[in-house]
Amino acid sequence: VNTYDLVNDEIPYLSDYGIIAPRLSVRKGLVVSNGVTPAISTSSLHYLVNVRQIQVVMNELNQAVQFYKGEAIQPLMNNNQIQKIIDSTLTELKNQGLVIDYRFNLEYDKNSSSGLIKVDLLTKNMVEYVSTQAQLSLT
């Protein structure tokens with residue numbers, strides 16, 4: 001079996017192009033050294049860990065508001081019910097350490113049941129703080 005050991009300074013070069021590079025760990029054997037996505041290297045979505053963090057947050061938000069999808073949004077907005085649910089969910093994720101900080105904005109059409117949750121997240125993976133934006137539909 002022919003093997004090729006990547007030099008430490010080659011792995012970031014491969015990461016820039018979205019190539020996942022394995023490396024040989026003395027304790028664990030063959031491991032992934034850089035979980036990257038095809039997104040450009042300057043994007044907050046370049047590292048797989050960032051994408052997974054966003055997926056977890058949006059899944060939790062989706063589950064929290066699932067009961068209210070399709071309902072008339074105006075009454076829910078008037079009594080701040082949706083805002084409280086979103087804030088509570090994000091606060092819990094912050095307490096768990098998944099989110100460092102967050103802001104959210106609700107946009108809705110007063111004449112229909114459609115709405116959109118826009119979330120600004122600050123997360124931290126092992127290497128960097130990452131600021132990302134995501135959206136979740138309430139329709």
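Tutor: We will go from the whole chain to single residues, bearing in mind that this is a predicted model.

Student: How many helices and strands does the protein chain have, and which pattern do they follow?

Tutor: The chain has four helices and five strands. Along the sequence their order is α-β-β-α-α-α-β-β-β.

Student: What share of the residues is buried?

Tutor: Of the 139 residues in the protein chain, 31% are buried. The chain exposes about 9,100 Å², and 52% of that comes from carbon and sulfur atoms.

Student: Now a single residue. Where is Val31, and is it buried or exposed?

Tutor: Val31 sits in strand S2, which covers residues 29-32. Buried means under 20% relative accessible area. Val31 counts as buried because its relative accessibility is 17%.

Student: Which residues is Val31 in contact with, leaving aside neighbours within four places in sequence?

Tutor: They are Ala21, Pro22, Arg23 and Ser25. Ala21 is ten residues from Val31 along the chain, and their C-alpha atoms are 8.7 Å apart.

Student: Where does Asn80 lie, and what is its phi?

Tutor: Asn80 is in the loop between helix H3 (73-78) and helix H4 (81-95). Its phi is positive, about 60°, although Asn80 is not a glycine.

Student: Why does Asn80 count as partly exposed?

Tutor: Partly exposed is the range between buried, under 20%, and exposed, over 50%. Asn80 has 37% relative accessibility, so it counts as partly exposed.

Definitions and conventions: Residues numbered from 1 in each chain as written. Predicted model: local features only at pLDDT ≥ 70, side-chain atom pairs only at ≥ 80, totals over all residues. Heavy atoms only, no water. Helix = DSSP H or I, 4+ residues; strand = E, 2+ residues; numbered from the N terminus. Buried < 20%, exposed > 50% of the residue type's maximum accessible area, 1.4 Å probe, protein only. Contact = heavy atoms within 4.5 Å. Areas by Shrake-Rupley, 256 points an atom, 1.4 Å probe, with all protein chains shown as cover.
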